[in-house]
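Reader: Hey, could you walk me through this one? I'd like to start with one of the chains and then jump around a bit.

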Amino acid sequence: MKFRKIFHLEFAYQLRNAATWLYFMVVAGLAFLWFIGNYLHDARDGYFLLNAPIVIAAVAVLCFQLWLLVGASVAGDAAARDVHTRMYSLTYTAPASKAEYLGGRFLAAFLLNGIVLLSILLGTLFALYFSGVEAEVLGPFRPAAYLTTFIYIILPNTFIVTAIQFSLAALTRQAMVSYLGGALLFVAAFILGQVLQDEGEWGNLIDPISFTPIMSQLSNEWSPLEKNIRLLVLEGSLLLNRLIWLGIALVMLTFTYFRFQFTYPISGDRKQQKPQQAALEWLKWRTSESLPQVRGAFGFSTQLRQLRLISMKSFLQLAKGITGLPLLAVLAILMGFALPGNLKAKGVPLLPRTDFVLDTLIEPVASLDFFWIIIALLIIYYAGELVWRERESGLSEIANAAPVPEWVLFLSRFLALSLGLVLWLVFLMLTGMVAQTVMGAVTIEIGLYLQVLFGLQLVDCLLFAMLALFVHVLVNHKFVGHLVALLIFGGSIFATNLGVEHKLLIFGASPGWSYTDMVGFGASLAPWLWFKLYWLAWALLLAVVARLLWVRGREGSLISRIHLAKNRFTRSTVLVAATSVGSILLLGSFIFYNTNVLNDYLSTSEAMEQRAEYEKRYRQYNDRPQPRLTRTNLHVEIYPEQREAEIRGIYQLVNYSTVAIDSIHLSTAAGVRTSKIAFDRPAKQVLADNELGHQIYVLSELLQPGDSLQLSFEVNAKARGFSNSGADASVMANSSNFRNYEWMPAIGYQDYRELDDVGSRNKYGLSPRPATPSLYDEAAHKDSPFSERISFEAVVGTAGDQTVVAPGALRRSWITGSRRYFHYVTDAPIRNEYNFFSANYAVHEGKWRDVAIQIYYDPGQTGNLERMVRSIQASLDYYTQQFDPYPHRQIRFVTYSGYSFGNHAAPINITAGEGFFLLNPKDDPRGFDLVTAVVAHEVAHQWWGNQLDPAHVEGAGLLSESLAWYSAMGMLEDKYGPEQLQRLQSFLREEYKNPRTRAAVPLLQANDWYQNYRKGPFALYALSQYIGKEKMNSALQRLIDKNRSGKSPQPTSLDLYRELKSVTPDSLQYLLQDLFEKNTFWELGTKQVLAKQIKLNNWQVMLEIQARKFMVDSIGVETKVPLNDWVEVVVFAPAKANQSQGEVLYQKKHLINSDKQTITVMVQRKPARAGIDPDNLLIDWELKDNMVEVQFEKSAH
Amino acid sequence: MNITMGNQISLSIRNVSKTYANGVQALNNINLNIPSGMYGLLGPNGAGKSTLMRILATLQEPDEGTITLGELDVLRQKEEVRQTLGYLPQEFGIYPKSSAEDLLDYFAVLKGITNRTSRKEVVERLLRQTNLWDMRRQKLGGYSGGMRQRFGVAVALLGNPKLLIVDEPTAGLDPAERVRFLNLLSELGENSVVILSTHIVEDVSELCTHMAIINKGHILLEAAPQQAVAALEGRIWRKLISKSELSILEQDCKIISVKLLSGRKLVHLYSDESPGNGFELIVPDLEDVYFSTMAGFHTSNQQVEEVSI
């Protein structure tokens, strides 16, 4: 009875609470948004059905994840409200047992949370069936999908989380601690789970809400087939996880039951509590004559004094707590420990430079970085404390009547929070400096630290702090304030997904700044600054509003506060408000002028619409014969300081088709002004679509097959102000880098501008087609973007202190006035895709035969130059010998500003970001030289990609990326030794991990990173090991020979396959098919190896082998196939000291079948390790069981 | 230090009403003139005293009406009012981890006493005054209710306020403390407006020069205590009766109070003539004024009469 009453009172009380229903609405809204904003897109792309059980479960855990951060007040209030409201003196003394009291409260909290979280399913149903989602992406309605999600996920999660939050709040008697509990569970689920997800079961078990396992099943663990139909089943690690966490929850509740006491909650430390007896002494009230007659002095200086005092007091209260400075210090130390691990690119250590360290430490406050999320959450929490502490302690009853103006009250809170953030940044700075010192940095740029931390990052922090304070003042309800602030925070992170893209509309948003050695902050700082100034003006306005609405006394409702605010208007308020509104308007207009007038502002959907429109209007001309570009002649003027470039060009076009051509279709680039288009024969423009960039000229005289014509044009590209995404980095004062097709006109319809993904094609009413054309789509073999072979000549001018790099040989360079000119000419045709660079370069030169090797680098970034030259030389040597001569007389690596690590191999000139030059492979603990390997890979693209230019269809990556890595493997083995080959292979295995599902298309249709960069190179390598490298490379040589011209149709993986087939012996044709034509897996294992000595120098080794082979199709259906394959069997001698592998005693390919089998071989020395397929040539995802240690039987004699 | 007559200010409350969002009318057209000196606001719990006190202390807004303190418009010139205001609320909290000295020093700055030397002196004198000096270094979390209350008094007295509002101040004080505290207040009242709200009649009868009785948002009586008592002269009768007699008496007479006295009941009733029946005429005290006012035997006519005195 008592239990029921306690339960009922709590339940009814919170059910009437607006916060409960707010959580309900928010969670339901989140579920809805996850479906509509996120998964609908994937479903339209055909990854899964939108109402597949695993998608429903995934949305449930995603919503749960966010609820962890916001919804803790239900459990916290139920457990600790009596203490907060000082009701405990009544409830604790009431004759209810602990079990009744705690049990009733807990049950109520559990049920309330259950109701709140049931809204996940409500939001789900609404999203799926009442929001107009098209029926094609939905499967049949299956109640089991909802029931399993509810029973296996939502219900136990609710219990676990409520129990933990309730226990923490009950034990500490503070509702706020339940939030801490929620945050800890969030960390366990989101961070630890993600970090440990590759450590097998650990990641799944440590996750209290099963977030990790469900998300990874959805992302790629399950095959497409499974995703659509498989229901969650309570078994394996899911079952274990549920049991473990339910156990933990029950233990917590039991502990709480025993630990909890109905006693007076004592605050502060007990030792100092005893009031002295003096308190009871006879009072010595004196008469008022003795009262001090000092009166306060009031004025601005007093207000400043009060501001200082309240700021310090608020700050100290915040800072002293465990969640104050100690927590910030711990965070900073954690970041310090994480730093060396993060200061890497592809596993290679970076030099411990200040800018790298800062880059690793700093993220915008509104970002998804682990540490900065914590900081953002802390800012929200601190803001709540600052606004509420005085009121919660009751001191406000006195303090509010003190003659302190509201602006002091509000601003002091802001200053306290700011001071906390400044100290946080100081901690970060110390962390960075200590880490740099430990990592052996030569110079620590304190100036840069100060600029970045206290010039840039602090502004970001302060803007968010102001927002959080403003929200708390405005909402005037602590928990709801937290929730609203969190929603705004989430909203600004995901603003783009929610369709809000313009940074003028997202509080605190701005284009990012970047800092690199080469250009400093470059052009990135100005737009950042303008946007931040704009937001600072907003922050000022928020501060004014917060001051006007500051709660003082009993008037808490918004209406009465607005009423009060009228009286709070003073002349200075009006002045400040007017200043901020004026600044907002002024700065906003200036930014708008830059983003939308000087630059074209297109939202993502507008840009997509434009691309769709382009396809709709001009796709019809795709197959129309057009003359082909054969020669490009350019005069380029680069004006780095003005961020402007002018190009005058002449294209030589030839009609290679068999019909006469009557009109020329020209596609012009967006963002530049193309003018003075003219032909060397009469032509008339009949269409000028500048918006979509398509022009049509009708020739008055037909262009006969074989005839040529000249096209001349001018392009002016000037960076005008900045756009919503920042300043254009193509031409900057210190570094310029642009590509031909970004600015210059191209001939014909450009199909690379089309929308590719299924969902958006559908949305914009385009006919469905695969994202990448099918390998078997003959029409797609005909042409691909930039595949023309051109001879190229250009005169490029730039500022007097800069050097220009363009394709071809530098014929001449001269100075006219203050400008330098460079004349480049190619000596062999190149693909029509190239860059222009201009910067203050230093050049490192080398030579290989008659090929000049040049590395254009930023002076000072010299660490990897020798290494690069050596690799280029070795690569040219090896590839020339194995495949085909290098067609040009120069090869260059050219740096451009930026710390991204992507390289691009255009003909002759290979681009490499600054970061590449700042890698520190010497210190790589793996002993792997990534720089050498990547250079080998990029140089190989001069063959695979630039000479052999694949058609834009499935399998293109096999011809470019896979062959480039295969070539680099051969080069490293040949020139640097087998050790380096092995390190490269293990690097590739590490970098491109096996996908979670085996479902895939065959390698010939390779279309993802794993296939292009991992499976492809390893399959090619395996084949070369089986058929011999010479045969293999001769086939590749023929492939390049037949396709070097760049003529249509372009080569595909089928051409490669044909060549490989012709060199593969009949006995191994099966292997070729298994590797390339089918998606085949082997499972090879050596169960055990027994050896006995027969006689001196004669050992019998018996290998017990287990093997099977199976095929998996693209949706995940497995088919077992009989195995009768050649697999290498190997026996090693014991390894000598300082060797990893002993001498090979036996190595031969055996025919292995599907049964368990024993292979017996004889060796002449004592064996140590043995097994099959030691180099993992066959595609077997379990690598470790191939080789085992040899066990010895008692010898025969 | 001498206080000149120019400092004799008064507080005027005109037509003040306040209705809460839940429909409770806390104040209904309140009109009061409060001169310098100690003014008692007497009324039962929930009468609207605290609401009125908070409004006077600038912490709440009336729906209508005007309040002026000397030249100041209390509702609009809040900042100026606060500069001369001392406020001791009925309930308040403290930072349990601060010491009395630190927190009082903090409030001294908030009250505009920025000069370090004079602040030090003020803090010391107030702590001595409230007898907290010996415990000034102790954490406030360890203070008893009375000590806390005295701390509140010290804060309220900071800055020599011209308007001192004390809301149920004697609740937490023991009898001796109460007397001395009230004495202090009355001395302050010599040149300030001191408003004391209470539900204890003695608080008012002993010290206040003026008083008002408030109930359910209405001012029932505004008078000087002695005059109010004098007005009742010859109208209050007393008798000791048994329990059974009470119900009969209740039907016929204007009973204003019933007290238990050694197992029997001591009844006071209001009557212009002798009710006979063994009732004896007594000299009324302020309690009788309070109860007869609360019982509705004082009419508003009398109120107007008495205001005009």
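**Chat about the two chains**

Author: Of the 309 residues of chain B, 49% count as buried; buried here means 20 or more other C-beta atoms within 10 Å of the residue's own, exposed means 12 or fewer, partly exposed is in between, and C-beta atoms are placed from the backbone. Before going on: this is a predicted model, in which local features need pLDDT of at least 70 and side-chain atom pairs count only at pLDDT 80 or more, while totals for chains, interfaces and linings use all residues. Residues are numbered from 1 along each chain as its sequence is written, and chains are lettered from A and ligands numbered from 1 in the order in which they are written.

Reader: Ok, and how many helices and strands does chain B have?

Author: Chain B has eleven helices and 14 strands. Those are DSSP runs numbered from the N terminus, with helices being H or I of at least four residues and strands E of at least two.

Reader: Switching to strands. Which strand is β10 of chain B joined to?

Author: To β9(B), residues 210-215, by five bridges, and the two run antiparallel. Strands pair if DSSP finds at least two bridges between them. One pair of bridge partners is Ile214(B) with Ile219(B) in β10(B).

Reader: What's going on at Lys216(B) in that hairpin?

Author: Lys216(B) takes a positive phi near 45 degrees, in a hairpin with two residues between β9(B) and β10(B).

Reader: Is β10(B) mostly covered or mostly open?

Author: Mostly covered: β10(B) spans residues 218-223, and five of its six residues are buried.

Reader: Now the contact between the chains. How many residues does each chain give?

Author: Chain B gives 59 residues and chain A gives 50 residues. On the chain B side, the elements that give two or more residues include α3 (100-110), α4 (116-129) and α6 (175-188). The largest share of that side is from α6(B), with eight residues. By class, the chain B side has 27 nonpolar, 17 polar and 15 charged residues. Nonpolar covers Ala, Val, Leu, Ile, Met, Phe, Trp, Tyr, Cys and Pro, charged covers Asp, Glu, Lys and Arg, and the others, Gly among them, are polar.

Reader: What about chain A, how many helices and strands there?

Author: Chain A has 35 helices and 30 strands. Buried residues make up 45% of chain A.

Reader: Let's pick a helix. Which residues of α33(A) are buried?

Author: Met1032(A), Asn1033(A), Ala1035(A), Leu1036(A), Leu1039(A) and Asn1043(A). They cover an arc of only 150 degrees around the axis, which puts them on the same side of α33(A); the arc is that of the directions from the helix axis to the C-beta atoms.

Reader: What covers them?

Author: The cover includes α27 (865-882), α32 (1009-1027) and α34 (1053-1063) of chain A.

Reader: And α18(A), how many residues is that?

Author: Helix α18(A), residues 406-438, has 33 residues and reaches 48 Å from its first C-alpha to its last, close to the 48 Å expected at 1.5 Å a residue. The expected span is 1.5 Å times one less than the number of residues. Gly440(A) follows α18(A), with a positive phi near 80 degrees.

Reader: Last one: what's the strand order in the four-stranded open sheet of chain A?

Author: The order is β7-β8-β5-β11 in chain A, with antiparallel pairing. β7 (683-689) and β11 (746-747) stand at the edges, each with a single partner strand, so one side of each is left without a neighbour in the sheet. β5(A), residues 661-667, pairs with β11(A) over two bridges, and Ser667(A) has Ala746(A) as its bridge partner in β11(A).

Technical notes
Two residues are in contact if their C-beta atoms, placed from the backbone, lie within 7 Å.
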